[in-house]
Amino acid sequence: EDDANAGLVTGYYEPLLSGSLKRSAEYAYPVYAVPDDLISVDVKTHPSFKNFRGVGRQAHGELIPYFTRSEIDQGLARVKGKEILWVKDKIELFFLQIQGSGRVKLEDGSTIRLGFAKSNGHPYRSIGKSLVKKGELELSQASMQGIKDWAANNPHRIDALLNENPSYVFFRMLPPNL
């Protein structure tokens with residue numbers, strides 16, 4: 001047999017979101033590029049930097065942690081003007097941030113690919129685990145679909161749940177697939 005054309009098939013999941021280049025009532029959730037005040041620092045392993053993730057912002061001459069998800073959503077971070085596009089679904093945007101890359105189908109049918117640029121440096125906390133711990137979901141339901149179902153049934157509680165994960169991902173546009 002000739003294996004010259006053999007290949008490897010992977011199970012990589014790339015989310016597809018609905019979006020727009022313009023904000024509207026339908027497309028209300030921004031996908032941000034890296035803010036200008038987010039600083040990345042390459043630190044060598046020194047005991048005093050044990051919990052430092054190399055990302056922060058400058059305030060009063062000091063490097064301090066960057067804003068959390070909640071603080072970014074409250075408008076405290078300098079993200080105005082950094083919107084790449086807007087998406088329809090806040091939960092889908094959250095899963096795009098977890099995945100680190102994905103595609104957004106625009107209203108005209110074209111697609112934009114997004115890739116991870118930087119994070120805010122805060123640790124990731126699983127909202128699925130949180131829902132299980134609170135008795136909101138069984139462990140077997142704490143999947144992406146289970147969380148989406150929970151969100152559909154609890155729209156007024158979505159922000160509080162998402163803010164339990166302080167991590168936030170900023171994106172960059174990627175070239176289209178050829």
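Predicted model: local features only at pLDDT ≥ 70, side-chain atom pairs only at ≥ 80, totals over all residues.
Residues are numbered from 1 along each chain as its sequence is written, and side-chain values use heavy atoms, with hydrogens and water left out.

The largest nonpolar core has 13 residues, and L114 is listed with V31, L85, V87, L96, V104 and F171 as having the most contacts inside it. A nonpolar core here is a set of buried Ala, Val, Leu, Ile, Met, Phe, Trp, Tyr and Cys residues joined through side-chain atoms within 4.5 Å. Buried means under 20% relative accessible area, exposed means over 50%, and partly exposed lies in between, with a 1.4 Å probe and protein chains only. At least two residues of this core come from each of β6, α2, β7, β8 and β9, and β6 gives the largest share, three residues. Apart from this core lies another, of 12 residues, including I91, F94, W150 and L161.

Those element names come from DSSP runs, numbered from the N terminus: helices are H or I of at least four residues, and strands are E of at least two. Six strands form an open sheet in the order β2-β6-β1-β7-β8-β9, with mixed pairing. The edges are taken by β2 (29–32) and β9 (169–174), each with a single partner strand, so one side of each has no neighbour in the sheet. On average, neighbouring strands of this sheet are turned by 45° against each other, direction ignored.

Now look at β6, where four of the five residues are buried. Two strands pair if DSSP finds at least two bridges between them. β6 (residues 83–87) pairs with β1 (residues 16–20) in the antiparallel sense over two bridges, and G19 stands opposite V87 in β6. β2 and β6 are antiparallel too, over four bridges, with V31 opposite L85 in β6.

Helix α2 (residues 90–99) comes next, lying across β1, β2, β6, β7 (101–106), β8 (111–119) and β9, at about 15° to β2. Axes are lines fitted to C-alpha atoms, for helices over the stretch in contact, and angles run from 0 to 180 degrees between N-to-C directions. Seven of the 10 residues of α2 are buried, namely I91, E92, L93, F94, F95, L96 and Q97. At the start of α2, a side-chain oxygen of D89 comes within 2.8 Å of the backbone nitrogen of I91. Just after α2, G100 takes a positive phi of about 90°.

Two loops complete the tour. S167 sits in the loop between α5 (158–162) and β9, and is buried, with a relative accessible area of 10%. Leaving aside its neighbours within four places in sequence, S167 is in contact with R69, N120, H122, P123 and Y124. H60 is found in the loop between β4 (55–59) and β5 (62–64). At 83% relative accessibility, H60 counts as exposed. The phi of H60 is near 55°, a positive value in a residue other than glycine.

Terms used. Contact = heavy atoms within 4.5 Å. Polar contact = N/O pair within 3.5 Å; in protein donor to acceptor, adjacent residues only side chain to side chain.
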